[in-house]
Amino acid sequence: MKTSWRSASLVASAAVVLALTTACGQDGGSAPGSQNVGATAAPGDIGDISTGAGDGLGTGADGARESANPPESAGKLSVSTDAEIGELVTDGAGRTLYRFDADTAKPPKTTCENDCATAWPPVAADDALAGEGIDEALLGEVVRPDGSKQLTIGGWPAYRYAKDTAAGDVNGQGVGGKWYALAADGKKAEAKDAAGLSTRDDPKLGEIVVDRNGMTVYRFMKDEAWPKPVSACTGACLDKWPVVAPVEPEDTEGVVKKDLMTFTRPDGAEQQTVDCWPIYTFAGDKKAGDTNGQGVGGTWYAVSPDGKPVGAPRS
């Protein structure tokens with residue numbers, strides 16, 4: 001089965017100082033379409049359930065059976081990463097899928113219909129495929145009041161949000177305190193603390209180092225690493241290229257830990273290095289994933305996991 005995967009980096013927390021004590025260079029399965037949570041669930045009685053304060057959308061208190069909100073196709077499901085929410089399930093078009101706290105998973109039961117289903121369109125089960133990161137055994141279906149089949153993930157009925165207008169939108173997260181993006185196991189998507197330094201796969205540059213906020217990390221070709229780190233970026237340079245604060249080696253993921261250390265700058269500030277090379281972020285990068293500093297002045301380059309400058313001309 002062909003798969004798809006998208007990954008990226010996440011949210012901010014504090015870093016601690018690691019003092020430089022050694023010189024650089026020294027070691028210091030179910031079948032497709034099966035329902036693993038029980039037999040296909042029959043529609044239950046629909047009560048008066050609000051979609052949440054502030055959205056003004058009801059679910060049909062009169063219990064009328066819906067006819068205008070058939071589930072929309074799912075396509076190949078995959079896992080995406082949102083900087084604030086974490087890993088979540090998206091459909092074949094990249095749209096975020098949600099779950100509703102008023103529904104149930106054991107047994108699967110949908111309580112969102114009529115006006116609610118207009119705001120939160122149900123996802124059809126018939127054409128749902130499991131992409132990379134999706135356990136096919138957790139995909140199932142529930143029969144809606146109109147007889148259509150809605151996709152379930154880990155037993156939870158899956159929906160989209162009408163106010164998500166583009167792939168990657170997560171405007172439905174937390175609406176009314178009842179709607180949450182779906183994680184691959186059917187639970188609510190929940191962000192984990194990002195590592196102080198980690199890597200991400202950039203479509204143009206390949207695997208590069210990013211900081212805790214997902215911002216690209218750079219090297220300055222005029223710096224020195226041996227026998228000890230020396231930064232040539234001082235004064236006004238630091239306004240454009242802020243130094244990366246110290247990070248514990250244990251607080252990194254995917255970065256080569258040998259010669260991952262800090263040094264003291266002339267102004268007394270501590271700066272992180274990768275392979276003993278001082279590292280920086282770029283003020284011109286406005287959001288996680290930006291690489292606007294790449295190649296600036298022919299002296300600034302993104303950093304590979306082993307500390308090498310990505311795309312720099314060979315001397």
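I started with β11 (197-202) and strand β12 (residues 206-211): six bridges join them, and they run antiparallel. I'm using strands as DSSP runs of E of at least two residues and helices as runs of H or I of at least four residues, numbered from the N terminus; two strands pair if DSSP finds at least two bridges between them. Three residues make up the hairpin between β11 and β12. Across the pair, L197 faces D211 in β12.

A note on the source before I go on: this is a predicted model, so local features need pLDDT of at least 70 and side-chain atom pairs count only at pLDDT 80 or more, while totals for chains, interfaces and linings use all residues. Residues are numbered from 1 along each chain as its sequence is written, and side-chain values use heavy atoms, with hydrogens and water left out.

Next I looked up an open sheet of three strands, which has the order β7-β8-β9 with antiparallel pairing. Its edge strands are β7 (139-143) and β9, each pairing on one side only. Five bridges hold β7 to strand β8 (residues 149-153), and V143 stands opposite K149 in β8.

**Charges.** How many salt bridges does the structure hold? I found nine, taking a salt bridge as a side-chain nitrogen of Lys or Arg within 4 Å of a carboxyl oxygen of Asp or Glu.

One of them is R160 with D91, at 2.6 Å from N to O. R160 is in the loop between β9 (156-157) and β10 (179-181), and D91 is in the loop between β2 (86-90) and β3 (98-100), so this bridge ties together parts 69 residues apart in sequence. Buried or exposed? R160 is buried at 3% relative accessible area, and D91 is buried at 4%. My cut-offs: buried is under 20%, exposed is over 50%, and partly exposed is in between, with a 1.4 Å probe and protein chains only.

I also checked D101 and K188, whose side chains meet in a salt bridge at 3.2 Å, N to O. D101 is partly exposed at 29%, and K188 is partly exposed at 34%.

D306 is partly exposed at 29%, and K308 is partly exposed at 49%. Shared partners also join R99, D101 and K188 into one salt-bridge network.

**Rings.** I get 13 aromatic pairs, where rings of Phe, Tyr and Trp (its six-membered ring) pair if their centres lie within 6.5 Å; planes under 30 degrees apart are stacked, over 60 edge-to-face, and the rest tilted. F100 and W179 have ring centres 4.2 Å apart and planes at 5°, so they are stacked. F100 is in strand β3 and W179 in strand β10, so the pair ties together parts 79 residues apart in sequence. F100 is buried at 0%, and W179 is buried at 0%.

Ring pairs link Y98, F100, W120, Y159, Y161 and W179 into a cluster.

Last, R99's charged end sits over the ring of W156, 3.7 Å from its centre; the rule is NZ of Lys or CZ of Arg within 6 Å of the ring centre and within 35 degrees of the ring normal.
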